[in-house]
Amino acid sequence: MPAGGGMASLEQGSSGHGAPGDLPDPTSEDDADGIGQIDAQEILELNRRFAEVRRSVGTLERQLLQGPRKYSRRDLSEQRGIPGRLAAVYWRSLGFTPVDEDTVVFTEEDAYAIGDLASLVEDGALSERAFASITRGLGFHMGRLAMWATEALVDEAKAAGRSDAEARLEMLDSVPDLLETLESQVMFAFRRQLAAYAARAGSEVLHRDTDELFPLQRAVGFADLVQFTRLSRDLTGAQLADVVGRFEAAGRDIISVGGGRVVKTVGDEIMFLADTPEDGAQIAVTLAEAISVDPDLPPVRVAFVWGSMFSRYGDVFGPSVNLAARMESVARPGTVLVDADTARAVAEALPGGFAASEGEDVELHGIGAVRVRELTRDRSTPLNLGL
């Protein structure tokens, strides 16, 4: 794991390459307006907390970066043979603030990480386009994972009665002891996921009559909490986070047990894929059933489509995806909508498993009139979500 990734997660809002000493001094003249009438005791407390934060961040950063910053982009080019252009693309694609050619920001570990991937471009094994795409994916997902893991630790400390500031300081102090395990878990999960996607890609080779524009046959679905905007006005931040967390946890469990996978979540909405029409139906109907009976969650509206699509950047695209998204927006609370072709595909794949209503014609934005049908469980066995 490139050492720079840990640095950015610690210093959100900074230039992406500052040292612990770059943390703002709460008693400096620049902050004089902010402290206003703070008395001497409060200043002492601020200084104490500031010193604790510097110590914790510094300790963690030294462990994560595994050495001092010693190279600029020019140094990487002249001393390590890494093209300055690729170093700049790598750093920017990871999500860090760009630096000029002579700013010393890169560590020895950074040089190895950038050099390893850049060498594949130099050897012709990767194009610069693929190089940038892969590093964007690493930056996005590792950045989100770093945020997720640290906030989980903060939440755990707050649940034990700590204030937010105390919880964040406790998180900083606990990460060094967890780092080795967290790193091994990242590699394990990546290898497992890569194996699963490789097997799925291999199965695509055996398909006949593939549509080259939209080569993947998949069930794609969306589930969205109803009245989330109103909830966001009525609940505190912690309460709202709990609702989103419960929804996402329930959704991920249902999708995984049903044989699907989550593409992405955006607040109150989750997008999923499945490899067969019957798996898509089982996931969609179970989402509506399970969340509707959860007293701590508002009802959910769901739609899914069986059709062709293509995949890029960890996402899927195509008319089928657009149709599913538009149908979800008009579904009634607690129901699942499908189009006529999807209803037919489900009936053929699992006769008698699910029932589709006669349906009605609705006008979908950007698509036009579509015959939509509500899908319900018939004789299919509900998913067993027990662990």
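**Surface charge, a buried threonine and a loop residue**

Colleague: Which residues gather in the patch of positive charge on the surface?

Modeller: This is a predicted model. Arg counts as positive here. The surface patch of positive charge brings together R92, R129, R136 and R312.

Colleague: Take R92. Is R92 buried, partly exposed or exposed?

Modeller: R92 lies in helix 5, residues 84-93. Its relative accessible area is 48%. Buried means under 20% and exposed means over 50%, with partly exposed in between. So R92 is partly exposed.

Colleague: Now T265. Is T265 buried or exposed?

Modeller: T265 sits in strand 2, which covers residues 261-266. The relative accessible area of T265 is 12%. The cut-off for buried is under 20%. Therefore T265 is buried.

Colleague: With which side chain does T265 make a polar contact, besides that of R144?

Modeller: The T265 side chain makes a polar contact with the side chain of R144 at 3.2 Å. There is also a polar contact at 3.2 Å from the side chain of T265 to a glutamate side chain. That partner is E248.

Colleague: What is the phi of Q66?

Modeller: Q66 is placed in the loop between helix 3 (40-65) and helix 4 (73-80). Q66 is not a glycine, yet its phi is positive. The value is about 55°.

Colleague: And is Q66 buried or exposed?

Modeller: The relative accessible area of Q66 is 51%. Exposed means over 50%. So this loop residue, Q66, is exposed.

Technical notes:
Residues numbered from 1 in each chain as written. Predicted model: local features only at pLDDT ≥ 70, side-chain atom pairs only at ≥ 80, totals over all residues. Heavy atoms only, no water. Patch = residues over 30% accessible without salt bridge, like charges linked within 9 Å, V, L, I, M, F, W, Y side chains within 5 Å. Areas by Shrake-Rupley, 256 points an atom, 1.4 Å probe, with all protein chains shown as cover. Salt bridge = Lys/Arg side-chain N within 4 Å of Asp/Glu carboxyl O. Charge placed at Lys NZ, Arg CZ, Asp CG, Glu CD. Helix = DSSP H or I, 4+ residues; strand = E, 2+ residues; numbered from the N terminus. Buried < 20%, exposed > 50% of the residue type's maximum accessible area, 1.4 Å probe, protein only. Polar contact = N/O pair within 3.5 Å; in protein donor to acceptor, adjacent residues only side chain to side chain.
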